[in-house]
Amino acid sequence: MQLSRRSLLATTAIVASSSAPAEAASTRRLHTGFENLAAHGYTLLADARVGIVTNPTGITRDAHHIVDVMHADDRVNVVAVFGPEHGFRGTAQAGGSEGRYDDPATGLPVYDTYQKSGQPLADIFTAAGVDTVVFDIQDVGARFYTYIWTLYDCMEAAQLAGKRFVVLDRPNPVTGRAALGPVLHKEFASFVGRQPISQAHGMTVAELARLFNARFLTEPVPLETVTMTGWRRSDWYDASGLPWVPPSPNMPTPETALVYSGTCLFEGTNLSEGRGTTRPFELLGAEGVDARWAAAANEAGLTGVRFREAYFAPTFSKFQGQTVGGVQIHVHDRDTFDPVRTGIALLVTAKRVWSGFAWRPDHWIDKLTGSSWVRTAIDAGAGVDEVVAGWRRELTAFRRLRQECLLYG
């Protein structure tokens with residue numbers, strides 16, 4: 001049977017979002033996609049040879065890994081695991097992975113998906129002997145966080161290899177209320193942004209999978225999504241009752257995720273984005289930066305956030321072992337805080353008060369923001385409002401596209 005893109009979107013959600021009357025988050029029990037899959041006796045995976053794309057965040061409420069749980073259950077046949085950037089067990093730093101090995105805990109073969117896509121990744125699925133690929137990784141809500149592009153690449157590869165694809169949903173930890181920031185231009189596509197979505201997408205991985213399948217994949221993959229119950233778009237991660245496992249080594253807390261979609265832009269500059277500290281993406285700075293930056297940032301009229309003059313010495317990455325000056329971000333009202341606008345304001349003020357400010361020579365900032373607009377506008381002396389206005393029309397169009405794929409109210 002041929003499915004239209006619209007009918008495809010209408011038929012892929014296996015467990016519907018709760019339709020119970022409104023109630024406080026503190027009294028609602030969230031169930032992840034995995035919990036709902038298990039509660040239905042894994043019937044969705046009956047008679048399938050299953051490969052799981054996951055990392056340390058693929059855990060149960062009581063902090064057992066889903067691979068360990070499923071491998072021990074006779075009702076499901078797990079035959080392979082596929083690890084993303086940082087690896088299945090999460091031992092690799094940014095830009096690294098764990099390679100091919102056999103998992104000591106289960107004996108399952110673990111394959112490396114990092115920086116693999118298209119037919120080479122399809123060949124890995126074929127060699128692994130799977131007929132169903134299951135995805136379960138905690139995202140953080142930012143376009144340049146690579147797990148959503150592992151999702152995209154694995155969906156494309158599964159289609160090429162003739163495999164079924166199942167996404168087990170988890171919460172967007174910074175809520176799913178709104179899409180924010182610039183939309184990627186296709187000529188700037190990379191592994192930190194394959195397709196034209198906004199910088200903070202405001203979606204869950206299952207919703208993104210529906211968007212990818214309906215709009216961006218050349219040919220849709222046979223896709224099934226196991227949704228959460230008890231999650232609402234306004235929920236922050238702490239309402240979920242789930243343990244937080246760092247999705248990557250420099251994402252230690254949900255508070256890091258809150259600021260990340262804005263302050264990760266400092267990866268595209270010569271300032272430290274706080275890697276090598278206990279507060280990555282909340283501490284920003286460089287040698288020679290002084291109290292003027294915090295003062296300028298506090299005068300920028302940003303809501304929900306304050307800035308403190310800070311000094312720190314990264315243990316690795318930029319300025320390793322050197323004491324640098326900068327700011328620490330303190331979010332005091334997360335409901336009014338806009339991380340992307342805050343990131344732009346910090347770039348604008350840093351360039352204004354510190355004569356040493358520079359973009360990375362490879363213009364990595366353009367990959368992160370999705371076009372040359374932010375860099376060239378700031379270089380031309382644009383203020384925050386002018387920079388933000390430059391992506392408004394594209395963001396409005398993306399918000400309409402996004403709306404078609406949402407699963408939760």
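A pocket is an open set of grid points with protein on both sides within 12 Å along at least five of seven lines. The views below show a predicted model.

**View 1. The largest pocket.** About 420 Å³ of space lies in this pocket. Its lining counts 25 residues. Nearest the centre are E85, A94, V192, E267 and R275. Sorted by class, the lining has 13 nonpolar, 6 polar and 6 charged residues.

**View 2. The largest cavity.** The structure holds 4 cavities of 30 Å³ or more. The largest of them has about 70 Å³ of space. Among its lining residues are T57, I59, T60 and R61. Y237, L242, P243, W244 and V245 also line this cavity. By class, the lining has 6 nonpolar, 3 polar and 2 charged residues.

**View 3. The second largest cavity.** Its volume is about 40 Å³. Strand β5, residues 109–112, gives the most to the lining, with 3 residues. The lining includes V110, Y111 and D112. G83, P84, G87 and F88 line the cavity too. In class terms, there are 5 nonpolar, 4 polar and 2 charged lining residues.

**View 4. Helix α9.** This helix runs over residues 339–353 and has 15 residues. From first C-alpha to last, α9 reaches 21 Å, close to the 21 Å expected at 1.5 Å a residue. Of its 15 residues, 12 are buried, so α9 is largely enclosed by the rest of the structure. The buried residues include P339, V340, I344, L347 and V353.

**View 5. The start of α9.** Here a side-chain oxygen of D338 reaches to within 3.1 Å of the backbone nitrogen of V340. V340 is one of the buried residues of α9.

Conventions
Residues numbered from 1 in each chain as written. Predicted model: local features only at pLDDT ≥ 70, side-chain atom pairs only at ≥ 80, totals over all residues. Heavy atoms only, no water. 1 Å grid on protein atoms, 1.4 Å probe; cavity = no way out; pocket = protein on both sides within 12 Å on 5 of 7 lines; lining within 4 Å. Points joined across faces, edges and corners; volume = space filled by probe spheres on them. Nonpolar A, V, L, I, M, F, W, Y, C, P; charged D, E, K, R; others polar. Helix = DSSP H or I, 4+ residues; strand = E, 2+ residues; numbered from the N terminus. Expected span 1.5 Å × (residues − 1). Buried < 20%, exposed > 50% of the residue type's maximum accessible area, 1.4 Å probe, protein only. Polar contact = N/O pair within 3.5 Å; in protein donor to acceptor, adjacent residues only side chain to side chain.
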